[in-house]
Amino acid sequence: MTIDTTALPETDAAPRDTTDGAPSTPVDLERAVEAILMIADEPQSLVSLATALRRPVKAVHEAVNRLVADYDGVDGTIQRGFELREVGGGWRIFVRAEYDDVVADFVTAENPSRLSQAALETLAVIAYKQPITRSSVAAIRAVNVDSVVRTLAGRGLITELFTDSETGAINYGTTPLMLQQLGINSLDELPPISPLLADGSEGFDSDFR
């Protein structure tokens with residue numbers, strides 16, 4: 001007897017059509033979601049995850065729920081030192097609260113005492129433009145600032161102020177520790193930067209009217 005394979009339902013194990021740019025080989029959905037969340041610096045919505053993985057939102061939601069249960073040690077699994085939390089309309093991996101001090105001590109011990117030029121420039125942008133998102137800082141500096149922002153946050157010089165309810169973007173600001181390091185009492189004591197900026201006359205004759 002011949003079986004009409006065209007009538008069979010598509011499963012996750014079946015290779016997918018590549019004409020729309022989707023992967024030609026099957027991917028473990030939970031591991032794929034996990035991989036994206038491990039490198040993402042902003043909360044990822046179910047829609048953005050589903051779009052990136054070209055999978056239904058419902059399937060991605062179920063995969064996220066399984067990851068949450070897995071990390072939390074549900075059904076006999078081992079509770080991890082990190083957890084998956086929904087914040088600002090998206091999902092992000094966080095250090096579990098009881099290990100905050102351990103991670104803070106590690107970051108402090110591992111990082112050198114002096115900030116790099118890139119870190120100083122990024123800190124200056126955040127100090128003068130706060131609250132500001134990581135992408136906005138990157139646009140101002142015209143470079144990727146992901147690792148620098150993590151370094152500054154790990155040093156306790158900047159912190160997450162709030163998450164935009166519409167975009168899920170985290171807005172950063174400086175901390176009291178930064179004020180202490182600079183020896184000032186408030187942001188109002190930061191030196192004005194307008195005298196250091198170009199006045200826009202470069203390239204014009206001095207007698208231009």
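Visitor: By class, how many nonpolar, polar and charged residues does the lining of the largest pocket have?

Guide: This is a predicted model, and in it the lining of the largest pocket has 17 nonpolar, six polar and eight charged residues. The pocket itself holds about 1100 Å³ of space, and of the 31 residues that line it, those closest to its centre are Arg 92, Val 95, Val 103, Arg 150 and Ala 153.

Visitor: How should I read the largest nonpolar core, and which of its residues touch the most other members?

Guide: A nonpolar core is a set of buried residues of nonpolar kinds, joined through side-chain atoms within 4.5 Å. Here the largest has 20 residues, of which Leu 123, Ile 126, Leu 152 and Ile 158 touch the most other members. Two or more residues come from each of helix 5 (117-129), helix 7 (146-154), strand 5 (170-174) and helix 8 (176-182), and the largest share, five residues, belongs to helix 5. Apart from this core lies another, of 18 residues, including Leu 29 and Trp 91.

Visitor: Which residues of helix 5 are buried, and what do they pack against?

Guide: Ala 119, Thr 122, Leu 123, Val 125, Ile 126 and Ala 127 are buried, and they pack against strand 3 (132-133), helix 6 (134-141), helix 7, strand 4 (158-163), strand 5 and helix 8. Leaving aside neighbours within four places in sequence, Ile 158 is in contact with several residues, among them Leu 123 and Ile 126.

Notes:
Residues are numbered from 1 along each chain as its sequence is written. This is a predicted model: local features need pLDDT of at least 70, side-chain atom pairs count only at pLDDT 80 or more; totals for chains, interfaces and linings use all residues. Side-chain values use heavy atoms; hydrogens and water are left out. Buried means under 20% relative accessible area, exposed over 50%, partly exposed in between (1.4 Å probe, protein chains only). Helices (H or I, at least four residues) and strands (E, at least two) are DSSP runs, numbered from the N terminus. Contact means heavy atoms within 4.5 Å. On a 1 Å grid over the protein atoms alone, a cavity is a set of points where a 1.4 Å probe fits but cannot get out, and a pocket is an open set with protein on both sides within 12 Å along at least five of seven lines; lining residues have an atom within 4 Å of a point. Grid points are joined across faces, edges and corners, and a volume is the space filled by probe spheres set on the points. Ala, Val, Leu, Ile, Met, Phe, Trp, Tyr, Cys and Pro count as nonpolar, Asp, Glu, Lys and Arg as charged, and the others, Gly among them, as polar.
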